[in-house]
Amino acid sequence: MTVDKKRIKALLTGLSVFDGLDSEALDQIAQTVELRRVPSGETLIEQDSQADSLYLVASGRFRVARDGHTIATVGVGEPLGELAFFSGGRRTASVTALRDSEVLSLTREGFDAVAQHYAALPQAILATVAARLAAVTAKAPALSPMAGLVVSVGPVAGGEPLPEQLVDGLFRSADDLGQLNIHTAETAPVSAGPEALAEWFAPLERAGERHILLVRDAQATPDWARFAETRSDSRFRVGRLDAPPPAPQPDTLAVDPRDHLVLWRPTTSTPINGSAAWLAGRDIEMHHHLALDHPGDFARLLRFASDRAVGVVLAGGGAFGTAHVGALRAMSEAGIPVDYIGGTSVGAAMAAAIAQALPAEEIMRRCNEIFVTSRAMNRLNVPLYSVLDHRIFDAQLAKHFGDGLIEDLAMPFFAVSSNLSRNDIHVHRSGPLWKAVRSSGSIPALLPPILTGEGEVLIDGGLLENVPLETMRQVKSGPNIVFDFNNGGNWQVQADYDALPGRLGALRGFLFKRSRKNRFPRIPSILSRSMIINSRRETGRMDMGRDILVKLPTAPRANFLDWTKGQQNYEIGHQALATALAETDPVAAPDVRMRDAARRMAEIDLAG
């Protein structure tokens, strides 16, 4: 046999559809099958083309797309183009290599010849197809971005080599996390040439484990750098934050934008600024900040690289939002990480404070200053643009969140607003942090909307997505923890509608602050209840999948704008989750512990 045929036989041995064949049968099949190399970005199958061949993925990964939209990804051992091949029709989708890949190709005549030696082949392929179709038919949500099984980490194009401290930190964190294999130019057979590299890596990839191809210096090891780039599902490109950003290079490799940008700085005390200049002109999926003296940053980066990053989603809920802070403190005390955080309305505000790495006590101090001491949400206005005077509230937000940009936060963050101009949600992932928080919390009628530079009108995100889990799913895979509020049952009000005052009576009561015997609901109460209803409807319809919904208890008889009970909500949220987490297995995975804790809290709530 030729070298290629020997390699084909080795590949056939590793594919489950050929399990049980003896060496002689594999030799015969290897004479019929063709090994085809498909570079990253090359289209193997064109939509609507005639089906003349069947393919089995020997190495690499492929994107299946219909009309330009990704509908699946296919990896080692799976067939490609089988439906049209067996039906004799035209291809229903395009198939493109996501990285340098290899397929075993069978023409129709070749398939018939193989089937003579191995009668079970059609059945094995059809079983794979049936399993795939069953999974797709059951549920077909949009795919969350995934790092994949093979990730490369190396300098940004034109950038300087990775510092040794960064390389050492990655190795240490990989040892701590487990389930990650790091390979370098020193441990791979780079000098033996591209074919030897491919043969070395093929059995590693077939094992189904996660691998990081680490490039210390792309210029010193160009062959290894090229292999890492073309063989990876996603690429984490590293640059020094305070260095001048190299000019972005056109990317001819990626089919989908799978690049992550990692910006390192020497210490946690080194200020983060200038991220926007690095991001300009680069088509990346996400960016990360890493301090060389902070082990937690390395662990976070590797969780993203292995699709284990923990996302936290915070629902809107006015003054109930301090319960979020208490719950997040309980998570921190239990050693459960937060890798990406986002929210709506007050959830966005609390998420922003967490992303700034503020301690829980400091967040509570600032909440008290904003809402209790300065009474920022109690300043009434002539209700032409809003019921409340926004100026003190805006000044307080600008004071406490500063003039920093979202891009310069140490932790990935987003906030959600409702865009009245586009009739859709508006996701804030860049720009001034305080303005994003203010936009997300622009409660209709109570506060004036925020206008973008393009003239678009933004109001409270709770109108459209009070629990922004789908927004989190659009940016990352891995477990997500959703915090919402369990604040009471049905709302009933005993009041005399006929006793409602007219405009003059209402004005007298407004000006002279007369106490009301009639407890008819006012505008803030109606708005708060509307958002609670929206939140409950959202969570009731959600398919949580792997994600975890945690319902936080709140202070009894507290309302949406009663910030005097903010400290009480904080303490209740902390105590409830801390108690539940204390009864979980401390060595279990974060999502396992949080799911167990959420179940325990729900059981306590049902028990009364």
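Q: Is Asp 547 buried or exposed?
A: Asp 547 counts as buried because its relative accessibility is 8%. Buried means under 20% relative accessible area, exposed over 50%, and partly exposed in between, with a 1.4 Å probe and protein chains only.

Q: What kind of model is this?
A: This is a predicted model, where local features need pLDDT of at least 70, side-chain atom pairs count only at pLDDT 80 or more, and totals for chains, interfaces and linings use all residues. Residues are numbered from 1 along each chain as its sequence is written, and side-chain values use heavy atoms, with hydrogens and water left out.

Q: Ok, which side chain does Asp 547 meet in a salt bridge?
A: The side chain of Arg 473, at 2.8 Å from N to O. A salt bridge is a side-chain nitrogen of Lys or Arg within 4 Å of a carboxyl oxygen of Asp or Glu.

Q: Where do Asp 547 and Arg 473 sit in the chain?
A: Asp 547 is in the loop between α18 (523-541) and β22 (548-553), and Arg 473 is in helix α16 (residues 469-473), 74 residues apart. Helices (H or I, at least four residues) and strands (E, at least two) are DSSP runs, numbered from the N terminus.

Q: And why does Arg 473 count as buried?
A: Because its relative accessibility is 18%.

Q: How many salt bridges are there?
A: The structure holds 33. One of them joins Glu 102 and Arg 7 at 2.9 Å, N to O. That pair links strand β8 (residues 101-107) to helix α1 (residues 3-13), across 95 residues. Both Glu 102 and Arg 7 are buried.

Q: Which residues form a network?
A: Salt bridges link Glu 362, Arg 365, Arg 366, Glu 369 and Lys 399 in a network.

Q: New topic. How many cavities does a search of the whole structure find?
A: Four, counting those of 30 Å³ or more. On a 1 Å grid over the protein atoms alone, a cavity is a set of points where a 1.4 Å probe fits but cannot get out, and lining residues have an atom within 4 Å of a point. Grid points are joined across faces, edges and corners, and a volume is the space filled by probe spheres set on the points.

Q: What volume does the largest cavity have?
A: About 330 Å³. Its lining has 26 residues, and among the closest to its centre are Val 346 and Phe 371. Helix α13 gives the most to this lining, with five residues.

Key: 1 Å grid on protein atoms, 1.4 Å probe; cavity = no way out; pocket = protein on both sides within 12 Å on 5 of 7 lines; lining within 4 Å.
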